[in-house]
Amino acid sequence: NINTNTGGGVGTRFDAMLTGTYRLNTRTSDDTATIVDRALGSSSEEDRNNRRANLERRLRSPEMIAIDIRNQTVGMASSLQPQVTFQADGVARAETNPRGRTTTTTATVDADGLIINYQGERANDFYLTFMPMNDGRLRVTRKIYLDNQEITVSSTYDKIDRTAQFAT
């Protein structure tokens with residue numbers, strides 16, 4: 001069973017729905033460039049150029065995602081980020097970043113999916129949801145803020161393996 005937790009019990013059906021390796025489906029996902037253009041709106045050309053790269057970096061969808069959930073322990077990696085393991089138990093975890101600001105990360109896994117919320121530095125705050133869909137796909141929604149404007153990008157991923165393949 002792919003969802004046996006460290007205590008030896010069987011993980012939930014939801015864990016099994018979310019656990020796997022996924023490939024981005026660009027046909028059913030939002031186009032990041034279009035959303036960035038809309039968000040930058042009537043900004044000056046210089047301002048648009050300065051913000052574009054940052055927004056695209058923050059909103060870009062990875063080509064591949066691997067997720068392994070065993071109760072509240074989550075292992076995750078993507079084609080853009082190395083593997084991490086964290087607890088999705090709803091507990092806010094605070095830390096001080098290199099600029100001395102306190103940031104808080106909260107991760108939760110429940111009927112609403114896997115939700116990750118990072119706050120404390122408005123220029124880098126984000127909200128992510130990973131929601132398994134009935135057809136075996138995964139819907140990933142990213143929310144960030146630009147000048148008090150919420151920018152949202154949704155991506156759809158096709159499950160290509162029932163297990164999380166973390167190998168590069």
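Two strands pair if DSSP finds at least two bridges between them. Strands (E, at least two residues) and helices (H or I, at least four) are DSSP runs, numbered from the N terminus. The model on screen is predicted: local features need pLDDT of at least 70 and side-chain atom pairs count only at pLDDT 80 or more, while totals for chains, interfaces and linings use all residues. Residues are numbered from 1 along each chain as its sequence is written, and side-chain values use heavy atoms, with hydrogens and water left out.

**Stop 1: the sheet**

Start by selecting the strands. Ten of them make an open sheet with antiparallel pairing, in the order S4-S3-S2-S1-S10-S9-S8-S7-S6-S5. Its edge strands are S4 (84-87) and S5 (93-96), each of which pairs on one side only. On average, neighbouring strands are turned by 25° against each other, direction ignored; axes here are lines fitted to C-alpha atoms, for helices over the stretch in contact, and angles run from 0 to 180 degrees between N-to-C directions.

**Stop 2: S7, S8 and S9**

Select S7 (113-119) and S8 (126-132). S7 and S8 pair in the antiparallel sense over five bridges, and Ile-115 stands opposite Thr-129 in S8. Their hairpin has six residues between the strands, and Gly-120 in this hairpin takes a positive phi near 135°.

S8 and S9 pair in the antiparallel sense over seven bridges. Which residue of S9 stands opposite Thr-129? Thr-141 does. Four residues lie between S8 and S9 in their hairpin, and Gly-136 in the turn has a positive phi of about 90°.

**Stop 3: the aromatic pair**

Rings of Phe, Tyr and Trp (its six-membered ring) pair if their centres lie within 6.5 Å; planes under 30 degrees apart count as stacked, over 60 as edge-to-face and the rest as tilted. A search of the whole structure finds one such pair. To see it, select Tyr-118 and Phe-126, which are stacked at 5.4 Å centre to centre with 10° between the planes. Tyr-118 is buried at 16% relative accessibility, whereas Phe-126 is partly exposed at 27%. Buried means under 20% relative accessible area, exposed over 50%, and partly exposed in between (1.4 Å probe, protein chains only).

**Stop 4: S2 and S3**

Move to S2 (residues 64-70) and S3 (residues 73-78), which pair in the antiparallel sense over six bridges. Arg-70 stands opposite Thr-73 in S3. In the loop between S2 and S3, select Asn-71. Asn-71 has a phi near 60°, a positive value in a residue other than glycine, and is partly exposed at 28% relative accessibility.

**Stop 5: the cores**

A nonpolar core is a set of buried Ala, Val, Leu, Ile, Met, Phe, Trp, Tyr and Cys residues joined through side-chain atoms within 4.5 Å. The largest one has 20 residues; select Leu-18, Ile-67, Met-76, Phe-86, Leu-114, Phe-130 and Leu-138, which touch the most other members. Elements that each supply at least two residues of this core include helix H1 (13-18), strand S1 (20-25) and strand S6 (102-110). S2 gives the largest share, three residues.

Centre the view on Phe-86. Leaving aside neighbours within four places in sequence, Phe-86 is in contact with Gln-72, Thr-73, Val-74, Met-76, Ala-107, Leu-114 and Ile-116; contact means heavy atoms within 4.5 Å. A second, separate core of ten residues includes Ile-35, Val-36, Ala-39 and Ile-151.

**Stop 6**

Select helix H2 (residues 32-40), which lies across S9 and S10 and runs at about 175° to S10. Helix H3 (residues 45-59) also lies across S9 and S10, running at about 150° to S9.

**Stop 7: salt bridges**

A salt bridge is a side-chain nitrogen of Lys or Arg within 4 Å of a carboxyl oxygen of Asp or Glu. By this rule there are six. One of them joins Asp-89 and Arg-93 at 2.9 Å, N to O. Asp-89 is partly exposed at 27%, and Arg-93 is partly exposed at 38%.

Next select Arg-137, which meets Asp-135 at 4.0 Å, N to O. Asp-135 is exposed at 52%, while Arg-137 is partly exposed at 24%. Arg-137 also forms a salt bridge with Asp-158 at 3.0 Å, N to O. Asp-158 lies in S10 (residues 149-161) and Arg-137 in S9 (residues 137-146), so this pair ties together parts that are 21 residues apart in sequence.
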